[in-house]
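Subject: Handover of a structure for your review

Dear colleague,

Please find below the sequence and the structure that I am handing over to you. My notes on what was found follow directly after them.

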Amino acid sequence: MKKIKFTETVLRDAQQSLIATRMSFDDFEPVLAELDKAGYYSLECWGGATFDSCLRYLNEDPWERLRKIRKACPNTKLQMLLRGQNLLGYKHYPDDVVRKFVAKSVENGIDIIRIFDALNDVRNIEVAVDQTIKSGAHASGTICFTLSPVHNIESYIKLAKDMENMGVHSICIKDMAGIMSPKEAYDLVKALKENTKLPIILHTHSTTGLAAMTLQKAAEAGVDVIDTAISCMSGGTSQFATETMNYVLTQQGYETGLDTDVLKNINDFFKPVRAKALESGLLNPVVLATDTDALGYQVPGGMLSNLVAQLTAQNKMDKFEEVLQEVPRVRADMGYPPLVTPMSQMVGVQATQNVLLGKYKNVSKDVRSYLKGEYGKAPAPVSPELLKQVLGDEKPIEGRFADTLAPAFEAAKAELGSKAKSDEDVLSYIAFPMQAEAFFEKRDELERNTFKYTIREVKEED
Ligand code: CO
């Protein structure tokens with residue numbers, strides 16, 4: 001029998017895409033036992049924006065959240081998304097921090113780490129992959145899918161083979177913008193199946209309306225795992241619906257391992273969560289609609305809305321079309337980076353500035369760092385004129401940027417002193433210094449209050 005497995009994204013990408021990652025542990029705690037029974041390949045529940053959101057908005061310790069999910073879901077593989085050498089942020093960290101972060105993630109309950117680099121530069125995922133393997137977890141090497149003259153089946157096969165040689169346990173195709181067509185999915189999955197021995201996973205978004213067809217064709221090409229979201233948290237900028245894909249694929253003779261009764265319980269649980277989010281405005285109906293603009297412009301939906309916001313703020317929406325035409329030119333000059341965070345923001349801002357102020361009259365600090373090679377190797381050569389104009393006689397670095405960074409874990413630990421209660425705290429601080437410190441203070445205060453309360457309780461009992 002043909003087999004296909006499912007990764008449920010409701011606790012990470014679905015809520016990140018629809019409600020800005022604002023679901024707290026208490027919000028989903030009651031459904032964890034059901035999620036554990038559904039028969040998923042994995043539960044994507046950590047990494048990405050969840051970590052930052054816990055500290056910044058939810059006053060939660062992200063590590064504590066992970067341990068609690070682990071305890072409530074002993075039978076299901078827990079999965080996280082990691083931005084390679086960037087961990088959960090936008091800048092590269094030194095190797096000691098990357099190794100410690102990966103080791104601690106596994107120690108606290110993660111089974112599968114999906115590791116990607118925004119430029120598909122394998123040097124930027126090497127250390128995270130190596131440490132994942134050494135920690136005894138599953139390393140999923142990830143291809144950021146994008147369309148450009150230098151991205152094609154051959155380049156993706158080469159990337160997958162490089163990752164296979166690195167020892168990854170699976171390959172994930174990550175279509176972060178939801179622009180992968182059914183034909184592209186079929187051809188790429190087939191090529192990867194033919195050229196590697198590894199299981200292939202497909203991650204896409206419903207944004208442009210392609211997802212269901214794309215997942216179907218990927219299944220026909222032999223994809224091993226697909227990412228979906230429980231139906232009432234699916235669609236729009238989120239993933240396509242778990243139950244629908246399960247229904248369709250089961251009918252075609254695929255064994256999915258999913259229990260439809262349990263899926264129904266999970267969906268029933270999230271219905272009021274969704275209703276509440278719609279009512280409060282946290283969930284904007286706009287993100288649930290199909291938006292085909294990304295197909296025509298070949299830029300992700302999130303990037304389009306950023307451009308609109310920038311231009312509106314400057315009262316220059318009349319330049320929108322001009323900026324959109326500038327985007328592919330900037331991208332070409334920059335060597336065709338995939339339009340994923342942080343590259344999509346850099347390209348978008350640069351295109352806007354080129355139109356409003358003149359071609360490369362103003363170049364952001366981030367683009368300068370990129371041209372210096374601090375984000376990794378561009379997929380294609382960067383325009384020599386742009387390099388000359390921005391860097392002058394300064395030469396871009398040849399090697400891996402992280403090699404130029406001094407170890408940072410011990411120094412951060414010493415700096416924090418007694419504010420950090422664990423190595424996990426130190427890692428939270430390195431990843432998000434301000435948010436983590438504010439969180440530690442609130443936590444301390446809470447502990448002091450709890451302590452006072454306890455003493456009072458004891459006195460009363462006396
Ligand atoms: Co995604």
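**Charges over rings**

The charged end of Arg 22 lies over the ring of Tyr 57, at 3.6 Å from the ring centre. Lys 2 places its charged end over the ring of Tyr 254, with 4.4 Å to the centre. A charge is said to sit over a ring if NZ of Lys or CZ of Arg is within 6 Å of the ring centre and within 35 degrees of the ring normal.

**Basis of the values**

This is a predicted model, in which local features need pLDDT of at least 70 and side-chain atom pairs count only at pLDDT 80 or more, while totals for chains, interfaces and linings use all residues. Residues are numbered from 1 along each chain as its sequence is written, and side-chain values use heavy atoms, with hydrogens and water left out.

**The chain as a whole**

The chain has 21 helices and 10 strands; helices (H or I, at least four residues) and strands (E, at least two) are DSSP runs, numbered from the N terminus. Its radius of gyration is 23 Å, close to the 23 Å that the globule rule gives for 462 residues, so the chain is as compact as a globular protein of that length. The radius is taken over C-alpha atoms, and the rule is 2.2 Å times the number of residues to the power 0.38. Along the principal axes, the C-alpha atoms fill a box of roughly 80 × 60 × 50 Å. Of the 462 residues, 54% count as buried, where buried means under 20% relative accessible area, exposed over 50%, and partly exposed in between (1.4 Å probe, protein chains only).

**The cobalt site**

Which protein donors does the cobalt ion have? They are Asp 13 (OD), His 203 (NE2) and His 205 (NE2), lying 2.1 Å from the ion. Donors are N, O and S atoms within 2.8 Å of the metal (3.2 Å for Na, K and Ca); water is not among the atoms, so sites may look incomplete. Along the chain, the donors of the cobalt ion follow the spacing D-x189-H-x1-H. Asp 13 belongs to helix α1 (residues 10-19) and His 205 to the loop between β8 (200-203) and α10 (211-220), so this pair ties together parts that are 192 residues apart in sequence. Asp 13 and His 205 are both buried.

**Strand β8 and its neighbours**

Strand β8 is covered on both faces: Ile 200 and Leu 202 on one side, and Ile 201 and His 203 on the other, are all buried. Strand β7 (residues 170-174) runs parallel to β8 and is joined to it by four bridges; two strands pair if DSSP finds at least two bridges between them. Within this pairing, Cys 172 stands opposite Ile 201. Strand β9 (residues 225-228) also pairs with β8 in the parallel sense, over two bridges, and Ile 201 stands opposite Val 225 there.

Two right-handed β-α-β units contain β8. One is made of β7, helix α9 (residues 182-195) and β8, and the other of β8, α10 and β9. A crossover is right-handed if, with the strands pointing away from the viewer, the path from the first strand over the helix to the second runs clockwise.

**Aromatic pairs**

How many aromatic pairs does the structure hold? There are 11. One of them joins Phe 51 and Trp 63 edge-to-face, at 5.7 Å centre to centre and 90° between the planes. Rings of Phe, Tyr and Trp (its six-membered ring) pair if their centres lie within 6.5 Å; planes under 30 degrees apart count as stacked, over 60 as edge-to-face and the rest as tilted. Phe 51 is in helix α4 (residues 50-56) and Trp 63 in helix α5 (residues 62-72), 12 residues apart. Both Phe 51 and Trp 63 are buried. Ring pairs also link Trp 46, Phe 51, Trp 63, Phe 101 and Phe 432 into a cluster.

**Backbone and loops**

Thr 341 and Pro 342 are joined by a cis peptide bond, with omega about 5°. Pro 342 is in the loop between α15 (320-333) and α16 (343-357). Met 334 lies in the loop between α15 and α16 as well, and is buried at 0% relative accessibility.

Asn 59, a residue other than glycine, has a positive phi near 55°. Asn 59 is placed in the loop between α4 and α5 and is partly exposed, at 37% relative accessibility.

With kind regards
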